[in-house]
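Here are my notes on the model you sent over, point by point. Have the coordinates open while you read.

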Amino acid sequence: MSGPLHLWLIPLLPFAGFLINGILGRRLPKWLVTTVALLAPLAAFGVALYTAACVYIFTHIQCAPSCPFCAPCSIFQPVVESLGTWINIAVLHVDFSFVLDQLSLVMLLVVTGVGFLIHVYSVGYMSDDEGYARYFSYLNLFLFFMTILVLAGNALVMFIGWEGVGLASYLLIGFWFQKKSADDAGKKAFIVNRIGDFGFLIAMFLLVANFGTLTFTEIATKLGQDPGWNGGVVTVIALCLMMGAAGKSAQLPLYIWLPDAMEGPTPVSALIHAATMVTAGVYMVARTHVLFDHSPFALGVVATVGAATAIFAATIALVQNDIKRVLAYSTISQLGYMFLGCGVAAYSAAIFHLMTHAFFKALLFLAAGSVIHGLGGEQDLRKMGGLWKKLPVTFAVTTVGVLAIAGIPPFAGFFSKDAILYAAFLQGTNGKILYSVGLLTALLTAFYMFRLWYMTFLGEPRSPQSHPHESPWSMRGPLVILAALSICGGWIWLYGFSEFLTPVLGARVAETGSWRLLIPYTQYSLSLETVLSIIAVLVALEGWLIADKFYRRKPTRPASLAAALPSGYKLLANKYFVDEFYGATVVKPLLGFSKVFLEWVVDVGILGGAAWLLGGIATFAGAILQRWQSGNLRSYAAWLAAGAAAVLLFLLVPWITVLAYLAAIHLGVAGH
Amino acid sequence: MNILFAQEVPLSWYLLLSAVLFSLGVVGFLIKRNLITIFMSIELMLNGVNLSFVTFAHQWHAVKGQIFVFFVMMVAAAEAAVGLAIIIAVFRARATLAVDRIDRMKL
């Protein structure tokens, strides 16, 4: 590499923003807070672009300078920058190292780019909030940890970012901490994430125990050298990693925190709980894909969990009435798609969907925020309607977002969803099942997204607020940019996005016949891909048609359907009673246990008892010894004289010491 | 001179006298109630010790012991000045010099 890239600047710039706004923010004027808050992610994005440019200019030497995306260019060597040794004990050697390769480059650009746009949007959205500086310091802190997570060269550095984004997420969900529901949602998110983190930690311990290293590249090398690594411990490690990913990326059974996380400000939902942080699990699975490649079972688990989550969350989203909750369940569903992609070893398709999803879901969330802002805080879909005239820009960009997520060409979501479904279809019998689940989810996705679209923007106005207003330009600008990305973002798949990632995500190690030879996808017959694409588009259009029928042509239809199937509607409206189930099986017993055992036995009994016992001993000893402190001068003098006499006696007659010692032992024994 | 004191007093006699003086001081300190008497007992103990210092200094021809005695006497003089002042102050505050009654640090 020609000269250092200064990767450390990328996390450090947002951290500086966090420190400035976090410490001085209350005293600084608002324009300065805004400037600092916006400059930090912008500068980080700039450095990320600069590194990308460096990498390309360097690699261009190898080939014709005119082609930006041809195959030899995309194969650049990963850049490793170590900031020094962190831990060096016996076999365990951990560097504080950052790695820039194709995968982290893509993630980095998405995180800092979308992050910057959402910062800009927040300036408008949060302008009246009292905690303006606090909000931006948290947001910058999030970017700091997220970029560490993305750049991490080993699992431990990644874990710092992993925990850090969890912290930032907690702080931002509970941003309006005066509201009890927000406070509870923050705690819920943190605690559920801890369960997943437990899996990540166990996986790291197992990695150290079995491979003696936490560096991703070294693990890959060791796995490559010894073909004996199959199943067994690798499966356990992969499943533990999957547990961590399921916690962070809101997969079954740990998804419950994400819908509640919508208590935070809407830009936070867009940045953390849709575009970036929740995709960390997918990124981690892609980053450690060598482990998954060596364990077909773990891959199967990933694919199954992903597909199950996708359809499960999509069905819940059908009947939700809170605009943000619909989007939250949609996010869970789309994350399920990404895991499905990882599970069929189509990592580049999963990362591609991650990227397009970041564009269109951030767009949808921000547009929803614009609607909520315009209606003065209203989030209930039933009280919206007919807004397309009042909020033209928001309406236009939401339309783009809905078309993108529904998978209508040529919008971004079409390409990524299609890539995942195609990869699933090629995976033998199980793959066909996963494919059909994915297809059904696509139908549901199109339906609930168009439902949201119809209920918000079309039909009769149902809002009690008479004058909804369009948002300021600081909010509309990011919306327009994200809309452009949601339209064009998918096209890079046609320019070899998959081949670009191949050096990192690799040609897979094939175990069984049907899992062999998947990459690159374009080598496969275009006809099959075309047929599948046409099916996917038809399914999406079908979803649109049903939504059109339900919410435009016959608006009474949903209510009558709900009345006809009361139990089914109730089940969905109450989200399958999962929260209630967890409450009864986990939370309540745990609370009861804490109350009875921890409070009464441990706290009052053991801890309190020990404190009382120690205090009692001191008091008792004091009561005895205080008799010596009589205040009587002659008694002190007498003790002094007696002591001097005793010392003299012991000095003059040594054997008396022994005698006194024996007497003391005798008395002690006799005392019992 | 030499004829009169030809026969030297043995060392043990001096030491015995010193011990007796010291013991008298200790016993006086313990059994007397009057503060001034107790003070005198302390002087008695100090002089008992001084005597043994001088004795050994003479015996071993070491001048250090005698220097020590001077120091002890000097400190004892200073102590007498301070101690008597305190006794006067105590008497003014309490109108008594019985140690058994002066059993509080707080006056």
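1. A definition to begin with: the radius of gyration here is taken over C-alpha atoms, and the globule rule is 2.2 Å times the number of residues to the power 0.38. For chain B, a compact globule of 107 residues would come out near 13 Å, but the chain has 18 Å. Its C-alpha trace spans about 60 × 25 × 20 Å along the principal axes.

2. Some ground rules before going on. This is a predicted model, where local features need pLDDT of at least 70 and side-chain atom pairs count only at pLDDT 80 or more, while totals for chains, interfaces and linings use all residues. Residues are numbered from 1 along each chain as its sequence is written, and chains are lettered from A and ligands numbered from 1 in the order in which they are written.

3. On confidence, the predictor gives the complex an ipTM of 0.78 and a pTM of 0.77. Chain B has a mean pLDDT (the predictor's confidence in each residue, from 0 to 100) of 87, with 91% of its residues at 70 or more.

4. Secondary structure next, with helices (H or I, at least four residues) and strands (E, at least two) being DSSP runs numbered from the N terminus. Chain A comes to 27 helices and two strands. Chain B has three helices and zero strands, in the order α-α-α along the sequence. The C-alpha atoms of chain A fill a box of roughly 110 × 65 × 55 Å along the principal axes.

5. In chain A, 47% of the 672 residues are buried; in chain B, 10% of the 107 residues are.

6. For contacts, two residues qualify if their C-beta atoms, placed from the backbone, lie within 7 Å. Take the contacts with a separation of 6 or more: residues 24 or more positions apart account for 80% of them in chain A and for 47% in chain B.

7. Now the cores, a nonpolar core being a set of buried Ala, Val, Leu, Ile, Met, Phe, Trp, Tyr and Cys residues joined through C-beta atoms within 7 Å. The largest has 212 residues, and A:Leu241, A:Val302, A:Ala350, A:Ala362 and A:Leu363 touch the most other members. Helix H16 (residues 347-374) of chain A gives the largest share of this core, 18 residues. A second, separate core of five residues includes B:Val26, B:Phe29, B:Leu35 and B:Phe39.

8. A:Val302 is worth a click. Leaving aside neighbours within four places in sequence, A:Val302 is in contact with A:Met242, A:Val285, A:Phe292, A:Phe339, A:Cys342 and A:Gly343.

9. H15(A) is mostly covered, with 20 of its 21 residues buried. After H15(A) comes A:Ala345, with a positive phi near 65°.

10. The chain A–chain B contact takes seven residues from each of the two chains. On the chain A side they divide into four nonpolar, two polar and one charged. The classes are Ala, Val, Leu, Ile, Met, Phe, Trp, Tyr, Cys and Pro as nonpolar, Asp, Glu, Lys and Arg as charged, and the others, Gly among them, as polar.

11. The bond from A:Leu252 to A:Pro253 is cis, with omega near -5°, and A:Pro253 sits in the loop between helix H9 (232-248) and helix H10 (257-260) of chain A. Another cis bond joins A:Pro409 and A:Pro410, with omega about 5°; A:Pro410 is in the loop between helix H17 (392-406) and helix H18 (412-425) of chain A.

12. Please also look at the loop between helix H24 (566-573) and helix H25 (578-625) of chain A, where A:Lys575 lies. A:Lys575 has a positive phi of about 55° although it is not a glycine, and it counts as buried because it has 20 C-beta neighbours inside 10 Å. A:Tyr576, in the loop between H24 and H25 of chain A, has a positive phi of about 60° and is not a glycine either. With 13 C-beta neighbours inside 10 Å, A:Tyr576 counts as partly exposed.

Note on methods: A residue is buried if 20 or more other C-beta atoms lie within 10 Å of its own, exposed if 12 or fewer, and partly exposed in between; C-beta atoms are placed from the backbone.
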